[in-house]
Amino acid sequence: MTTLSRFEIHQPTCALEASQMLAHYGEEAGIYAGGTELLLAMKHSALNYRHLIDLKVVPGLNSIDMRNGSLEIGATSTHRSIERSPNVQQHQPALAEMESQVANVRVRATGTLGGNLCFAEPHSDPATLLLVLGGSVKIESAAGAREIPVSELIAGAYASNLQPGEILTKITVPSAKPTHRSAYMKFQIHERPTLGLGLWLDTPDEGRTFTSARVAVGCVCPFPTRGLNAEKLLTGSHADVEKRLSEAADAIADAADLLDDHEGSAEYKRHLIHVFLQRVFRKALGESLA
Amino acid sequence: MKPLSDFQIVNHSVPRGDGIPKVTGGAIYTSDMVVEHMAWAKVLRSPFARARILSIDASAAKAQPGVIDILTGYDLKGLQPYYGHGVKDHPLIAIGQVRFVGEPVAAVIAENELAAQEALGKINVDYEELDPILDVDTAMAEGTPRIHETDFADGSFRGFDDFPGAAGNICQAVHVGWGDVDAAFAKAAHIAEGEFYFPMVYAYAMEPYVAIADFDAKGHLTVYTSGQHPFMVRHDVAHVFRLPLNSVRIIVPYIGGGYGSKSYTKIEPLVAACSWKSGRPVKLQLSVEEAFLTTRGDDARVRIRTAVDARGHLVARQATIHLNTGAYAENSPMVCRKAANRIVGPYRIPNIKIDCFAVYTNTVPASSYRGLGGAQVTFPGESQMDELAEMSGSDPVEFRLKNLAHSGESIHPGMRPIDADIPGDIREAAKMLRMDRPLAPGHGRSVCCSASDAGAHPVTLAMVQVYADGAVSVLSGSTEIGQGSHTVLTQIAAEEMGVPLEKVRLIGSDTAVTLFERSTGASRTTTLMGRAVLEACREAIAQIKVMAEEVFAVDADKLVEERGGLRHGGKFLTWANILEQYFKMEGCSIVGRAYLRKAGDLTLVPVFWEIGVVGVEIALDEETGKICLDSLVTIGDVGLAIHPAMTEGQDLGAATMGLGAGLFEELIYDGQQLMNGTMLEYRVPRFSDLAKNIDMKLVQNRDGVGPYGAKGGGEGAVNPISPCIANALYRATGARIRTLPLTPERVWKALQEKKGAAPR
Amino acid sequence: MNVSFELNGKQTTLEIEQRESLAEVLRGRCRLTGVKISCEAQVCGSCTVLVDDLPVSACTLLAYEVRGKRVTTIEGLADDSGRLHPLQQAFLDHFSFQCGYCTPGMILAAKALLDENSAATDAEIVAHMNGNLCRCTGYLPILKAIRQAANQLRGQK
C-alpha cells in the first residue's frame, strides 16, 4: 500500500482561524476539505504538505440554505449532501442532478464542493455547470472577505486564484427562476469525463425565444471555459438558435484551449462539442433525447 | 459412460468451496498475510527505458531510521541472478543496465512500509542514458543495437521445441506451415488482405503482485506468493539460489485474480533476495501502478491474407505476426508459439504459412494474457472471415459453417483432431442471437469463433487422502485463482468416493505438501488436475479393495462396488468402514495418487481444443462513435460442466475481458514513458458496460480427455469478442476497422472516412 | 492521536497516526483484512467500507475521519449467530464472485444502496455500483445477487 508521509492535522474553530493557520504554516500547509483529490496527490508526492488544516470541523461550513433567492452552499458540503438537499433539488435541479453523477458514490460521500473547486482538476464536473448557473464563491482571510464569480476563481489546470491565507468558505448559486432552463451533460470514456457541457438559457415564453444564454465546456481543455461568443448565438428565437447551434459549437470550441491528449484529439473534442451542444440544448428544454 | 443423470455432485452447481470465506472477509490472500518478525521492501524503479547504471549510492538511504538493508544489482555475488522458465534473461534486479521505465533498480528493506518508501528518495543512481528501442520496427531494423547483449540459456520449461530468436532483438521466431500458399493464392477466387493491430493490454488482476520470502536458519526458503504457477516459481527461485527443490517451499493462498498476468515467476526472486540479504522475512506488496510496470500482454501487428475458391472454401492463409514483447522474454516465446498456431482458426485450410516473431523492445515485459496469443490473432482471423463471406456473397454464418472443422477432423497436421462440435456451436449462437431479426439503425450483429490448442504440457500429479472417519482430502498443486478449482476438484473427489461434498477438503498449493503440477493456466485445471484427482480416487479405491478381501474375508471378485463402498450380500461397508476395520485404529488414512504425463491419450497435443463461440449485437451512437452491447451470447463447448454455473461464469468473465480490449483497453506509451498506467486512466469494463441481454449456453458432448469427458473453459470467449464487435460494426455502418480498441474516436473517424468527408 | 468509533457494532478506541488511512488501520491494527487494497485511487471500490452507512474508499480516507462514527466492514455483516446478511447469501447463491477480491467492497456498496432503497431498479443498481470494479465475473451475477437481496429485504420490511 502506498502510505502517506507524516503530517499534522489542525482543527480550526472558524474560517478566520483556518486562514491564520494557513498563513502561519505557509507552503507547508494545505486546506483539507474532503481529501479525495488532496490525499491522492499527497500519496504520489505531487503535494507534500506537513500540515493539513481541517476545514470540515469548522461549524456551519457544511450547511445548504436558501437565502435572498440564492442557494448558499457551505464549502465543506459533500457532493452527496448537495445531490440530496431538498433545497438544491427544488431550487436548482440541474445542480442536484450534476452532483448525483460526480465520480462515484464513495467520492460523492466524502468529496466536497469547495475542495473540488479549489483543486481545479481539469476533468471535474461542478465548475463547468457553476459557470453557467452564475455561481460565485466567498473567500475569507484575515484581510477580510470577498465574493467573486466562479470564473474568477479558476486560474488554470490545478490552479485557483486563492491568495496565500485565503479560504473558500461558501458557494452561492442563484436559484432557478421559472424562465430559466439549464442542463449539464458529460461524455465519459475513462474514469474522468472526456467532455462536460453546461448550458443555461433564459426564456420568457416557454422556450420560444431565448433572451439570455450561458454555455461552458470542461474536461476538453485545461480548465472550464465559457463560450462567450457562442452565448450571443444562443439568444433569439428557438428556430434561429437551433439553426445556429453548430456555429455556436464552433465558437465554444474556439474559446476553449482544446487539448490533444489520450482522452482524444482536439478535432474529436470539437466534434463532441457539436454533438453535445445539440443534446444539452434539447435536455435543457426538456425535449426527448431519443 | 456414466449417464449425466447418475451424477450426484458432479454436473451440479454446488456451493463454492471458497464461498463463505470470500463473502465474509475470511479469505486470506498473500496481501493479507504477515509473518513473525517480518520486514517490508519497497522498490526504486528506473526512470529510463534504456541506460547503463554507472553507480548506485545507497548510503544515505541505509542510514535512514527503520531501514534494515538495501539490495541492488551489486549485491548478488554467489547467486545465479538471471531467471526465466523460457529464456533466462531476466535479472531479479537490474544489473549494470536498465531495459524499461519501471525496472527495479534497488530495493529498500525496512521495519515498515513508510520507512522503506521514504528511503527510496535517498538512493542516488547515476545512469548513462542510451537511445531507447521502443517499437518492433526499430528493434528489428539493421544496425539497431541488441537490447540483450548476450545470448541467454534456454529455461527448462519452454514447453515447445522451436529455437529461440536467431539474433538481434528477436526473442522468439515460430514458423507454422503446410501446403503451398503461393500456388493457392495464385488460383484463389477472392483474397482478403490487411494489417491488423491488437493493443498492449494490462490484465488488472485486482490484487497486485505480492510475495513474502523467508530464509530460515537452515537455509530453507519459504515464499508466500500471489503467483498462479507455484512449481514454476520454485524452479526459478531454486535456480537463482542454487537450492535443491525440497529447500524451496512455495505456498499460494487465495489469489486476487490473474488472467495470465500471475503465471510464471514475477517478483519472487527479488523478494527472496531481499530476505537472503537482510536475514529477515520480507514482504513486498506492489501497488497497482507498479503492477502496470511489471507485466502486460503482447501487443500484436498482424499482416494477414486469406483466400477462398469460387465455391467459398478457404484455400490458404498467410500471416506475419510481430509481437511487441518488451524488455524480457517472460512467457512471450509461448505466446509467439500459440499465436502462430491459433491464427489458423477452427477451419480446414489446406495451405498455411505463418511467421510469428516475438521482439524485444524497451517497454514493460509482456507475458501471458488470457487466451495466450488467441485474442491477438482471432481479431484478424475472424475479421477476414466476414470480409471473405461478403466477397463470396455468403452469409457469414453459412460461410463459417462451410469451412469449420467437424469433430474428429484435423486442422493442424499431427495435432489432436478437433474434439468439439464447432458447427453446432455456431448454429446455436446464431439461433440465440436471433440473427434473422431486422436490425435497428446503428445496430449490427455477428457471431465469431476460435479454437485454441489448450492445456499446456500435461504433467499433473495429485494425491487424495482417504480417512477412516469418512473424510477425504484432495492434495492439489493447482491454485485457486477464482476459476473455482477448489470447488471442482472436491466435487470430483466427492463423486468418486461417494461421500458428501462437505466431507472433502482441498489442501492446496504448497510445493512442500502437494505434488507437482506444471501450471494453473491454459484452461487445464479441470481437464488435467480434475482427471488426476479422479484417477487418484480410483487408485485409493483399488487399494481399499485389496484390504476389503481381508475385512470381508472373501475374494475380491465376490465384492460389488456401490457408490461409496463395497457390498457382499446384505453387508455394505463404506470405504471408511473398511479402512477402520483393516487398521483397527482411529485416525488412519491412506493415500491414492495419480501421475499424469504426456502418454496414452494425453500424447497428442493439444490436451484439448478450447473453443470460443460468441455472438453480439452492438448499438452504436453514430454521433459520438460509442459502441454499447445490446446483446451478448456465449457458448461453452466444455465436454461436461463439472459445475455448470461456474462454467458459465467463466464464459461471461472471459467475454467481458475481451470486451475491454475490444472497446477501451490500451496501454499508451509516449516515448519511453507509459502514459496511462493507473486505474484513473486505464479503463476496464464496468457495470454500465453490461450487455442489455445476455444468454449463455453450455454444450456437453463429453468429448474431452478430462474427467467424465470434460474439457477446460475460461479462455475461449475472450478471443472472438473483438472481431465480433468489429464485424457487427461493419454490418451496422460499412466501416471496417482493423485496429483495436474500437474507441469512440476511432469509430467516429472511420465513419467520417466512410462518408467520404474529411473529419471536421 | 486516539480515535474512538464504533467498529462493527463494538465501541473501539485506537491510537493512530494522523497520516494513516482507514484501510491501514483496519487491515494492520484491527486485522480486518476483508478491506482489500487495489487501485488506491478511489476507482475500483475494493476497499469500500461503510462510515455512518455511506460507502467510502478506506484507502483514501484518513482514519482520523471516523471519530465518533460507525464503521462497518465485511466482517461485521453477518449477525451475532453467524447468519449471513441477505447480500452475502445472494452472492453465494448466484456465484457472484470468482477470485473474491472485489467481493467485500461490492457487498458493502450494495448494502449502502439497499439500506436506502430496497426497491432500486436495475438502472439504479448499475448507477450506484458503477464505481466498483470486478475483473472476473462480467457483473451480471452481481446484479442478480443484488436483485435477490433487494427482494428479500423488501419482504422483511
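How many of the 157 residues of chain C count as buried? The share is 68%. This is a predicted model.

**Chain A: overall build**
- Chain A holds twelve helices and 16 strands.
- Its radius of gyration is 19 Å, close to the 19 Å that the globule rule gives for 290 residues, so chain A is as compact as a globular protein of that length.
- Along the principal axes, the C-alpha atoms of chain A fill a box of roughly 60 × 45 × 35 Å.
- Of the 290 residues in chain A, 60% are buried.
- Among contacts in chain A with a separation of 6 or more, 59% join residues 24 or more positions apart.

**Chain A: surface and charge**
- The accessible surface of chain A is about 10,800 Å². Carbon and sulfur atoms supply 49% of that surface.
- Chain A carries 27 positive and 33 negative side chains. The centres of these two sets lie 4 Å apart.

**Chain C: overall build**
- Chain C has five helices and five strands.
- Read from the N terminus, the elements of chain C follow the order β-β-α-β-β-β-α-α-α-α.
- The radius of gyration of chain C is 15 Å, which agrees with a value near 15 Å for a compact globule of 157 residues.
- The C-alpha trace of chain C spans about 45 × 30 × 25 Å along its principal axes.
- In chain C, residues 24 or more positions apart make up 56% of the contacts with a separation of 6 or more.

**Chain C: surface and charge**
- Chain C has an accessible surface of about 5,100 Å². Of this, 47% belongs to carbon and sulfur atoms.
- There are 16 positive and 17 negative side chains in chain C. The two centres are 4 Å apart.

**Helix α1 of chain C**
- Helix α1 spans residues 22-29 of chain C and is mostly covered, with six of its eight residues buried.
- The buried set is Leu22(C), Ala23(C), Glu24(C), Val25(C), Leu26(C) and Arg27(C).
- These buried residues pack against four strands of chain C: β1 (2-7), β2 (10-15), β3 (48-51) and β5 (70-72).
- Just after α1(C), Arg31(C) adopts a positive phi of about 55°.

**Helix α3 of chain B**
- Helix α3 covers residues 113-120 of chain B, and seven of its eight residues are buried.

**Phe357 of chain B**
- Phe357(B) sits in strand β18, residues 351-360 of chain B.
- Its relative accessibility is 16%, so Phe357(B) counts as buried.
- Beyond residues up to four places away in sequence, Phe357(B) touches several residues, including Ile170(B), His175(B), Leu323(B) and Cys336(B).
- Val136(B) is 221 residues from Phe357(B) in sequence, with the two C-alpha atoms 9.6 Å apart.

**Cysteines**
- The disulfide count over all chains is zero.
- The sulfur of Cys99(C) has its closest cysteine sulfur in Cys136(C), 3.8 Å away, which is too far for a bond. The cut-off is 2.5 Å.
- Cys102(C) is in a like position: the closest cysteine sulfur, in Cys134(C), is 3.9 Å away and too far for a bond.
- Cys99(C) is buried at 3% relative accessible area, and Cys102(C) is buried at 5%.

Technical notes. Residues numbered from 1 in each chain as written. Chains lettered and ligands numbered in written order. Predicted model: local features only at pLDDT ≥ 70, side-chain atom pairs only at ≥ 80, totals over all residues. Heavy atoms only, no water. Helix = DSSP H or I, 4+ residues; strand = E, 2+ residues; numbered from the N terminus. Rg over C-alpha atoms; globule rule 2.2 N^0.38 Å. Buried < 20%, exposed > 50% of the residue type's maximum accessible area, 1.4 Å probe, protein only. Contact = heavy atoms within 4.5 Å. Areas by Shrake-Rupley, 256 points an atom, 1.4 Å probe, with all protein chains shown as cover. Lys, Arg positive; Asp, Glu negative; His and termini not counted. Charge placed at Lys NZ, Arg CZ, Asp CG, Glu CD.
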